[in-house]
Protein chains: 2
Amino acid sequence: MAKLQKSIDKRNALVKATIELVNNNGFHATPMSKIAKMANVSPATIYLYFENKQDLLNQTYVDVKAEYTNYAFATYDTNMEVEAGFELIWKRIAHFKLKECENAMFLAQCDNTPIIDEDSRQEGIKHLQPLLDLWDRGKKEGIIKPMTNYMLYAYAINPLSFLMMSEQRGAMKLDQSHLEEAYQSAWSSIKVCQ
Amino acid sequence: MAKLQKSIDKRNALVKATIELVNNNGFHATPMSKIAKMANVSPATIYLYFENKQDLLNQTYVDVKAEYTNYAFATYDTNMEVEAGFELIWKRIAHFKLKECENAMFLAQCDNTPIIDEDSRQEGIKHLQPLLDLWDRGKKEGIIKPMTNYMLYAYAINPLSFLMMSEQRGAMKLDQSHLEEAYQSAWSSIKVCQ
DNA sequence: TATGTAAAAATGAACGTTCATTCTTTTTTT
DNA sequence: AAAAAAAGAATGAACGTTCATTTTTACATA
């Protein structure tokens, strides 16, 4: 009973504040007091929802990662053809990274620093399975290059993080035609050349 | 006279310690006292070489970025053919990221977080010019896709950061044949398909 | 429906620690 | 012996977390 009574809104506000402040200042430069203030909550209240600062960060990471993959696979169906399925998933991921860039930036920061516990990192990876399965199928069918899934991810998906960060910094603008170009490059880099 | 007398070795030791500790703990979780200890120096001595902690980080970043690009272009000659020049530079970059992964990890962390000052970030980008010039030439010759340099970097170079981080985490091993595959994917994604 | 009450949730202030930076003194160099 | 470099100890601010207390909620009773 106890835990369920605690307002889920307050937890969400804390997670949201964490994302925004960590994006702007980095994890260790965002004090709990600021997170509390942004969430309209007392610092002490944070400890009713999270064990400590590290736990707050870990849970925020897993939350955001789940949101990311849920969005990515929402309209995907495992019966789709490999190329069509990949295009669908790719475009959903691209859309997420560009429209929800607060979330995407947060993930990029966590994925390139030692601030997240290894357990939470592993937890986050699990949700990507449908894409890895699709790639395995593509390799069997001779449509996708016989490379490790890490390599495929590096070329097909990861560039979107770089593009998102560049746009976020104001270095470039990504419109629909850029996105189509990007998709073609992603597909070129992993498809088997006929 | 004053500045020149200060030992360059001591400065280098401080920069090296900063890289190692920031890689393992993140910037804000590495105290000046630990940096000093690792460099066999008193905390107060750091302030003879650097203005403050932020300045230490900024200078470390610019140093490492310069080392990275010096290595990348060391054997490149602007008279080379586009494809050959790209292959050469790509392989030098790959070699740097995989053999000097301490340095590469440090750059990845700085490039995905707000810990570096914008000025130092800009300073670091300048040194990449030879590659951008090569790409512009390739576009004129119809060899390279007519995309922005950011897009080309995202697909041709940035995946190496992801692969380096994955290997560093023990998720995969990158041998020579993986590297050849990676190069083919990089080239596939930016070359004009005939 | 109104009231009393015990548990849960939330709070602001306080605590102890850590940290970046500075100060004063000592050591090294020229 | 004067100047530069380095050192260790000291300082004051900031932080994560906890504590003692207050406020809110849920609900039994009338």
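Me: How many salt bridges does the rule find across the interface of domain 1 of chain A and domain 2 of chain A?

Reply: One. The model is predicted, local features need pLDDT of at least 70, side-chain atom pairs count only at pLDDT 80 or more, and totals for chains, interfaces and linings use all residues. Residues are numbered from 1 along each chain as its sequence is written, chains are lettered from A and ligands numbered from 1 in the order in which they are written, and side-chain values use heavy atoms, without hydrogens and water.

Me: Why is the pair D63(A) and R11(A) called a salt bridge?

Reply: A salt bridge needs a side-chain nitrogen of Lys or Arg within 4 Å of a carboxyl oxygen of Asp or Glu.

Me: Where do domain 1 and domain 2 of chain A lie in the numbering?

Reply: Domain 1 of chain A covers 7–50 and domain 2 covers 57–190; such bounds come from an automatic or database domain assignment. Taken over C-alpha atoms, the centres of the two domains are 27 Å apart.

Me: What makes a residue part of the contact between these domains, and how many residues does each domain give?

Reply: Contact means heavy atoms within 4.5 Å. Domain 1 of chain A gives twelve residues and domain 2 of chain A gives eleven.

Me: What area do domain 1 and domain 2 of chain A bury between them?

Reply: About 1000 Å², with 58% of it on carbon and sulfur atoms. Buried area is the accessible area (1.4 Å probe) that two parts lose on being put together, summed over both. In domain 1 of chain A, I19(A), N23(A) and F27(A) lose the most area to domain 2, together 48% of what that side buries.

Me: How many salt bridges and polar contacts link chain B and chain A?

Reply: The rule finds zero salt bridges between chain B and chain A, but eight residue pairs are in polar contact, both residues at pLDDT 80 or more. A polar contact is a pair of N or O atoms within 3.5 Å; within protein, one must be able to donate a hydrogen and the other to accept it, and residues adjacent in sequence count only if both atoms are side-chain atoms.

Me: How many residues are in contact between the chains, and what area is buried?

Reply: 42 residues of chain B are in contact with 42 residues of chain A. About 3500 Å² is buried between the chains, and carbon and sulfur atoms give 64% of it.
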